[in-house]
Amino acid sequence: MTTRNANSQEAPARSAQSATLPRRNLLRMAGAGLGLVLTGALTTACGPEEPDPAGGAAASKPGGGAEGGDAFTTPPAGTAPRALWQHEAKAGTLGNQEVLAVAGNVVLVAGDPLVGRDLATGEQLWSLEGAAQPGARLIISEGTLYLASGTYDGDLVGLDPATGKETWRSRLDGRYAQPRPVGADKDHVYVIAGILEKDLSSRHNVIAAIDIGTGKAVWTERRDAGTEESGITSVVRDGRLVYTDHRKNLTVRDAATGRQLWTKKISSSNFERIAVQEGVVYVADGRHLRAWSVEDGSERWSLATEEFSSFNGPSILDGVLYASDSAHALWAVDPATGKRRWHNPDLLDVSVPLQFAKVGDTLYGATEFDEDGGVQAYDARDGKLRWTYNDGKGSLEQWYVVAGGKRLAALHGERLQALPAV
C-alpha cells in the first residue's frame with residue numbers, strides 16, 4: 001500500500017407499536033459534544049440468530065430468512081426481517097449522527113476500539129485501540145477516513161477503511177489544540193481547533209482547511225468569542241462549507257479560501273443534520289423547514305408543520321427531502337419547490353425516524369431514545385409504514401442505520417447488526 005505522509009513522517013415483527021414519549025431533546029442536549037463512551041463487550045458469534053424468548057429474529061416469517069448467502073429479501077408489510085448477523089460493538093459517542101458508516105463492503109463503528117467489519121458476513125476485518133477520540137465523526141472522502149489522532153497529540157490521520165492502515169498524517173506544527181475534522185473533499189480536510197496560547201491554554205477556536213497534499217493549513221478563520229468547539233453540524237458540497245452551531249448560526253464559507261459568504265440566525269440550535277444539494281441548504285428551523293441559496297442566503301421556500309411542533313433534521317435521498325416532526329408525522333418534500341409529495345400523520349403510536357436510508361422503493365428510518373423504536377421500513381411512494389425491526393433489548397438508546405448495497409447496517413447501543421434491504 002502506498003502511504004501518503006503529509007509531513008515526511010433479533011427482532012419481533014411490528015407494524016405499529018405503543019411507544020413511550022421519546023426523551024430525545026433532553027438526552028441530546030446532555031449528550032451532544034460530550035463524547036460519552038458507551039461501553040460494551042466484544043465479538044459474539046457470527047451468522048443469523050435463532051429466535052429467542054425475548055422476541056428475537058423472525059425467522060419463521062416469509063421473506064425474513066437469510067439462507068443461501070445473498071438469497072434473501074426484505075419481508076412483506078407487517079413482518080420485520082431477521083438480522084443477517086449481529087455483533088457487540090463499542091460505540092463511542094452520543095448524539096452524533098455519524099457514528100456509523102459504510103465504505104464499500106466495510107461497515108465502520110466509531111468507538112474504542114475503532115472496528116471495520118465485512119458488511120456481508122459480519123467478519124471483523126480490523127480493529128484499532130485508541131484510534132478514535134470519543135465523539136469522533138466518521139468522515140470519509142475519496143476513500144480515506146479522516147480522524148483526529150487518538151493520542152491527542154494535535155495530529156490528523158487518514159486511514160484506509162478497508163484495512164484500518166494509516167495512509168496519511170498531518171502534524172499541523174503544534175499550532176492548534178485538539179483539531180477535529182468536520183468535513184472533507186478531494187483537496188482539504190476541514191477542522192475545528194482550539195488556538196494554542198503560550199501558556200498552553202485554549203480559550204478561542206478556529207475553523208481551518210488542511211491541504212491533503214501538504215498537510216499544512218491553507219486557511220484559518222477565527223470564530224467569534226464564546227463559540228463552542230462542539231455542536232457543529234456541517235456539510236461540504238460543491239466548493240462550499242456549510243455549518244450550524246450551538247449559537248444558532250447558519251454559516252456558509254468558500255471552501256477554497258475560507259471567506260464567509262453569509263451567516264444568519266436560526267430559531268433553534270440544530271443538533272441534527274442539514275442537507276445541501278444543487279446550491280441550496282435545507283435546515284430544520286423550529287416549526288419550519290427552510291431552504292436558502294448557498295451563494296447569497298436568499299430564501300427559496302419555507303414549509304410549516306403544526307403549531308407548537310417542530311421539524312427534525314432533513315435528509316435528501318434520490319432527489320426527495322425527508323423529515324419527521326415532533327407531531328409524529330413523516331414528510332416527503334420536493335426540494336426544488338418545497339411542495340410536499342406525501343405526508344404521513346398517522347404515527348402517533350410509534351417513534352418517528354430521525355435518520356434515513358433508502359434502497360429502491362423502501363425508505364428506512366432509525367428512531368431515537370424509545371424502547372419500542374428501531375429500524376422502520378416505509379413505502380417511499382406513499383409513506384406507509386411497512387414494518388419495524390427491534391432487537392428486543394428494551395433499550396432507550398439511539399438507533400442508527402446506513403445502507404450498503406443489498407444490506408442495511410444498524411447500530412443500537414452496544415449491538416451492530418445487518419438487515420436485508422432488498
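Analyst: Happy to! In this predicted model, strand 4 (106-109) and strand 5 (114-118) each supply at least two residues of the lining of the largest cavity.

User: What makes a residue part of the lining of a cavity, and which residues are closest to the centre of the largest cavity?

Analyst: A lining residue has an atom within 4 Å of a cavity point. The largest cavity holds about 100 Å³ of space. Its lining has 11 residues, and Glu88, Ala89, Lys90, Val115 and Arg117 are the closest to the centre. Sorted by class, the lining has 7 nonpolar, 1 polar and 3 charged residues.

User: Why is Asp296 called exposed?

Analyst: Exposed means over 50% relative accessible area. Asp296 has 52% relative accessibility, so the label applies. You will find Asp296 in the loop between strand 21 (288-293) and strand 22 (299-304).

User: Why is strand 15 described as largely enclosed?

Analyst: A residue is buried at under 20% relative accessible area. In strand 15 (residues 233-237), 4 of the 5 residues are buried, so the rest of the structure largely encloses this strand.

User: What makes strand 15 and strand 16 a pair?

Analyst: Pairing needs at least two bridges. Strand 15 and strand 16 (residues 240-244) have 5 bridges and run antiparallel, so they qualify. Arg237 stands opposite Arg240 in strand 16.

Conventions
Residues numbered from 1 in each chain as written. Predicted model: local features only at pLDDT ≥ 70, side-chain atom pairs only at ≥ 80, totals over all residues. Heavy atoms only, no water. Buried < 20%, exposed > 50% of the residue type's maximum accessible area, 1.4 Å probe, protein only. 1 Å grid on protein atoms, 1.4 Å probe; cavity = no way out; pocket = protein on both sides within 12 Å on 5 of 7 lines; lining within 4 Å. Points joined across faces, edges and corners; volume = space filled by probe spheres on them. Nonpolar A, V, L, I, M, F, W, Y, C, P; charged D, E, K, R; others polar.
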